[in-house]
Every structure is written in structure tokens, then in C-alpha cells.
Amino acid sequence: MEDDSEDKVLIGGKEKREIKIVDYDSQWPEIYTRHARIIRQVLGERVLQLEHVGSTSVPGLAAKPIIDIDVVVKDSSNEPSYLPALEAAGYVLRVREPDWYEHRMFRTPELDVHIHVFSPGSLEVKRHLIFRNRLRLNAEDRHAYALVKQKLASQAWEDMNAYAQAKSEIVASILARAVRESEMDSD
């Protein structure tokens with residue numbers, strides 16, 4: 001019997017896509033703002049937190065031209081409370097991960113915006129913000145991360161998740177430095 005658990009997580013299954021890293025685009029914050037406005041309009045008070053995360057949120061950093069947005073709602077496992085509104089606004093549910101912070105990921109049909117939905121207190125949202133802020137403030141880490149992304153993007157990947165997993169070592173080391181330095185600052 002075939003294991004279809006991956007199909008339950010990746011709605012529509014794996015997709016082979018070229019990983020393309022482009023120079024920073026000053027339009028990315030505007031694209032985020034436009035989608036943030038749409039999300040706030042359709043979800044209203046259900047939005048507890050909304051953040052531009054990922055490489056496109058870091059001025060000067062080359063990135064895949066995909067805007068990542070974290071949205072925190074009261075209970076991300078309660079899909080009826082937000083899924084119909086996001087779908088009506090044109091976003092498509094792509095990922096459902098009940099075993100990983102009850103994460104849901106929507107995207108635009110153009111595949112240029114990813115909306116990550118989490119519940120309050122999610123360690124992943126905190127991680128995204130620490131990483132983003134570290135890259136915004138630390139040129140050395142920003143440069144090292146850019147080099148790894150460029151190198152990895154030159155390889156063939158069966159899907160974006162494999163590419164993301166390949167970056168995990170550099171991400172973990174940057175996060176560790178950020179946490180270590182913040183702990184030293186608070187002493």
C-alpha cells in the first residue's frame with residue numbers, strides 16, 4: 001500500500017520548480033503591503049499578528065521572488081474560521097501540517113506569495129522573526145546566507161521543500177548566533 005501522508009501535507013503533491021534567486025527588488029515591501037491589506041480586510045479581527053518574513057523582507061538580500069507572510073490567528077487548526085475567507089480572496093491552500101505547529105500555507109495562483117498561518121505562541125513565528133531581524137542587522141550573516149542560497153539554487157531540486165531543507169544548516173547557525181548574542185545583551 002502506498003503512503004499518501006505527503007499528499008495530505010502537500011495539497012496537489014510535489015511540484016518540480018526551478019529555484020531562481022534574484023537581486024533584491026524594492027517592490028517587495030509594496031507587494032507585502034498590498035497582500036497584508038487584503039488579508040486584514042478578509043480576516044479582520046481574526047488576524048492577531050501579520051509579518052513580512054523570509055528573504056524578501058530583508059533589504060538588500062537576493063531571494064526567490066516569493067513574498068512570505070506569517071499570519072497568526074486564534075487557532076490555525078480551525079480552518080473554517082479563516083480558510084473560506086482566504087480562498088474567496090484568491091489564495092489557494094497548498095500545505096496542511098497539523099503535526100507542525102498546525103501550520104497551513106496558502107499561495108497565490110501566480111505562486112509569488114506564500115501565506116503561512118499559525119496559532120499564537122508558535123515557535124516557528126518567533127524563529128522567523130529572529131532570523132529576519134538578524135539578517136536585517138548583520139551584514140556578515142546576510143552575505144553568508146546569500147552565498148549559500150546562490151550555490152544551492154544552481155542545483156536541481158525535486159521540489160522547494162528539498163531546497164529549503166538544504167539551507168537548514170546555515171539557518172540554524174545564524175539563529176544560534178542571534179539567540180546567543182541576544183542572551184549576552186540581556187545579561
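Helices here are DSSP runs of H or I with at least four residues, numbered from the N terminus. The model they are assigned in is predicted.

**Pockets**

Helix α4 (residues 123-137) provides 6 residues of the lining of the largest pocket, which is the largest share. In total, 44 residues line this pocket, and those nearest its centre are His116, His128, Met160, Asn161 and Ala164.

The lining of the second largest pocket is made up of Ile130, Asn133, Arg134, Leu137, Asn138, Ala178, Val179 and Ser182. Here too α4 gives the most, with 4 residues. Both α4 and α7 (168-186) supply at least two residues each to this lining.

In soluble globular proteins, nonpolar side chains tend to be buried together. The largest nonpolar core of this model contains 23 residues, and Ile39, Val71 and Phe106 have the most contacts inside it. Two or more residues of this core come from each of α2 (28-43), β2 (67-72), α3 (83-88) and β5 (113-118). The most come from α2, which gives 6 residues. Another core, of 10 residues, lies apart from this one and includes Val58, Ala146, Ile170 and Ile174.

Which residues does Val71 touch, not counting residues up to four places away in sequence? They are Ile39, Leu43, Val47, Gln49, Leu50, Ile115, His116, Val117 and Phe118. Among these, His116 is also one of the residues nearest the centre of the largest pocket.

Terms used: Residues numbered from 1 in each chain as written. Predicted model: local features only at pLDDT ≥ 70, side-chain atom pairs only at ≥ 80, totals over all residues. Heavy atoms only, no water. 1 Å grid on protein atoms, 1.4 Å probe; cavity = no way out; pocket = protein on both sides within 12 Å on 5 of 7 lines; lining within 4 Å. Core = buried A, V, L, I, M, F, W, Y, C linked by side-chain atoms within 4.5 Å. Buried < 20%, exposed > 50% of the residue type's maximum accessible area, 1.4 Å probe, protein only. Contact = heavy atoms within 4.5 Å.
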